[in-house]
Amino acid sequence: MRMQLATWPEVETYLRTSVGVILPIGSTEQHGPTGFVGTDALTAEMIAIEVGAKIDAMVAPTISVGMAQHHLGFPGSMTLRPSTLICVIQDMINSLAHHGFERFFFLNGHGGNVATLTAAFAEVYAESSFGTAASNRPSLRCILRNWYMGEKVRKISKEAFGDDEGSHATASEVALTYFGFPNDADRVARVPLDPARAPTGTIYDADDYRRQFPDGRIGSNPGLATEALGKQLFEASVEELCEDYCKFIETA
Ligand code: NI
């Protein structure tokens, strides 16, 4: 059930049988000439909605802007500083905990969010450890799962793309969005990529990124992305994350 499409009495009823919630988190940043700016948020959200529907789990609103300072050299990219994003995550968790949610399953679509999410979880736990949380607050548990890190998903992308998968604007994430948003895919998928596979390297700030990777991709050839492969990746990820979520909500 999507929280945004639920009424408050429905959320109250849900809480009588479950204290678990899925929180999709992504980013708003360039994904090369053939990938959507919203890729990381769209992928996390589409998978979260399907997982929630399959196993009757509540899905919170997506955090669509993440930590992406290094992408600011490209129009459309937006970022929250790590310190801001930590506050956003912490406040969302505390809001939901106020109503009785205790198990927070963050379904992530952006590698750049990982360090900040981990720090935010530590802030939440520190409130309990220092005794600064409300005395009646139950033990909260937070977990992070990246949709693209599951065993089955990685196997599909390795077989389909090999070294052309890359590390930014990956063939897999672009394929997933082409499956989810085929009409918009038709518009962007034919844009030529030169070179076909982008270079790789280390990145620092936004200017450095744009200088080294002028079209925005790193190491990837998203020209290989198809709607059919996106469907396979979607189904594999949904299956793996349903299992992960069900295990997680049993956590003591
Ligand atoms: Ni991405």
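Predicted model: local features only at pLDDT ≥ 70, side-chain atom pairs only at ≥ 80, totals over all residues.
Local features need pLDDT of at least 70 and side-chain atom pairs count only at pLDDT 80 or more, while totals for chains, interfaces and linings use all residues. Residues are numbered from 1 along each chain as its sequence is written, and side-chain values use heavy atoms, with hydrogens and water left out.

Let's begin at the metal. The nickel ion has H31 (NE2), D40 (OD) and E173 (OE) as its protein donors, 2.0 to 2.2 Å away. Donors here are N, O and S atoms within 2.8 Å of the metal (3.2 Å for Na, K and Ca); water is not among the atoms, so the site may look incomplete. Along the sequence, the donor residues follow the spacing H-x8-D-x132-E. H31 and D40 are both buried, meaning under 20% relative accessible area, with exposed over 50% and partly exposed in between (1.4 Å probe, protein chains only).

Now for helix α1, residues 8-17; helices are DSSP runs of H or I with at least four residues, and strands are E runs of at least two, numbered from the N terminus. Which residues of α1 are buried? They are V11, Y14 and L15. Seen down the axis of α1, these fall within an arc of 100°, so they line one face of the helix; the arc is that of the directions from the helix axis to the C-beta atoms. The face turned away from this buried side carries the exposed R16 and T17. The cover over the buried residues of α1 includes β1 (20-25), β2 (58-59), α3 (82-99) and α9 (227-248), where contact means heavy atoms within 4.5 Å.
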